[in-house]
Amino acid sequence: MFELSLMCPEERVEDVSDALDALDALSVSVEDMDAQTESEQPLFGEPGMPAPKEGWNRSRIVALFPTEDAAQQAQVLLQLQDFFAGCQVLGIQEVGQQDWVRLTQSQFQPVDITPEFWIVPTWHELPADAKVSIRLDPGLAFGTGTHPTTRMCLRWIARQPQGSLGRTLDYGCGSGILAIGAAKFGAQDIDAVDIDQDAVVSCELNAQANEVTLKAGLPDKAQGSYQTVLANILATPLKVLAPLLCAHVQPGGHLVLAGILERQADELKEAYSPYLQLEVADSEDGWILMTAHRA
């Protein structure tokens, strides 16, 4: 296979990407040409919502073709189009044979949540400093510990007094990483629920692998009140779920929400204000953790 690489300004990204699709590219990806430099531009969006921008001021578009001839033909045809003005061909190169399993594994290294608490893929040795660990491999469900929202939730869990988590609900559990983390820090009677049956299965398997006990199921599995309610989803569904999640928090209990961008803090506070008073408890890379305590 061969990669055709292009540099395009933001206003040309959509037209060029559509043209590459029409030219039978196997895949088309858009990256920040200035990533990992002082000119890098973070763009945050939510699945199912319009992208905040089509691309970056200087976007690198990479299209994959089955043959070099197909990549060259695409390059020639693109350069003849009016919408290619301001764009630049960076080159065509062969994609070398890869050990995709090894390559994928190399992208998932142990993640430190605190100096003593680590998320570790099964193919890695435990770090020497890891007194508490979760063994977790990337799979069908969201949650490997690499995303800021997951790390902030786990940090919050790790910082709670021993034995204070009590009965715990992980709503939108994905891989089950938060429920497993809560179990590692003493939570009892843990319910982990998700609308995706694949996530439920993944959560059960990951709990078994980590030798913790929890009950996984669809959202109707969540029953009664909990000392700790965790929900790492996204801002829009979190707003819709406000009355339901707050109703599950028992007196003296805590609500912990993640999947929220910094600019969304006020709208979350407003959505939850009839029930609980949310506050920003942590932040990382443009994301925030919000918590509330029921008196």
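A search of the whole structure finds 10 salt bridges, a salt bridge being a side-chain nitrogen of Lys or Arg within 4 Å of a carboxyl oxygen of Asp or Glu. Side chains of opposite charge can pair when their charged atoms come close. Before the examples, a word on the source: this is a predicted model, where local features need pLDDT of at least 70, side-chain atom pairs count only at pLDDT 80 or more, and totals for chains, interfaces and linings use all residues. Residues are numbered from 1 along each chain as its sequence is written, and side-chain values use heavy atoms, with hydrogens and water left out.

Take arginine 60 and glutamate 31. Their salt bridge has its closest N and O atoms 3.2 Å apart. Arginine 60 sits in strand β3 (residues 59-65) and glutamate 31 in strand β2, so the pair ties together parts that are 29 residues apart in sequence. Helices (H or I, at least four residues) and strands (E, at least two) are DSSP runs, numbered from the N terminus. Arginine 60 is partly exposed at 24% relative accessible area, and glutamate 31 is partly exposed at 34%. On those words: buried means under 20% relative accessible area, exposed over 50%, and partly exposed in between, with a 1.4 Å probe and protein chains only.

Next, lysine 131 forms a salt bridge with glutamate 116, with 3.3 Å between the closest N and O atoms. Lysine 131 is in the loop between β6 (117-120) and β7 (132-135), and glutamate 116 in the loop between β5 (111-114) and β6, so this pair joins parts 15 residues apart in sequence. Lysine 131 is exposed, at 66%; glutamate 116 is partly exposed, at 39%.

Then aspartate 282 and arginine 155, whose side chains meet in a salt bridge at 3.0 Å, N to O. Aspartate 282 belongs to strand β13 and arginine 155 to helix α4 (residues 148-158), 127 residues apart. Are aspartate 282 and arginine 155 buried or exposed? Both are buried. Salt bridges that share partners join Arg151, Arg155, Asp282 and Glu284 into one network.

Now the cysteines. Cysteine 173 is buried at 4% relative accessibility, and cysteine 203 is buried at 0%.

Most residues other than glycine have a negative phi. Aspartate 24, in the loop between α1 and β2 (27-32), has a positive phi near 65°. Aspartate 285 also has a positive phi, of about 50°, although it is not a glycine; its place is the loop between β13 (279-284) and β14 (287-293). Aspartate 24 is exposed, at 58%, and aspartate 285 is exposed, at 53%.

Last, two contacts between residues separated along the chain. Serine 225 and arginine 167 are 58 residues apart in sequence, with their C-alpha atoms 8.2 Å apart. Serine 225 lies in the loop between β10 (215-217) and β11 (226-232). Glutamine 277 and alanine 292 are 15 residues apart along the chain, and 5.7 Å separates their C-alpha atoms. Glutamine 277 is in the loop between α9 (265-272) and β13, and is exposed at 53%.
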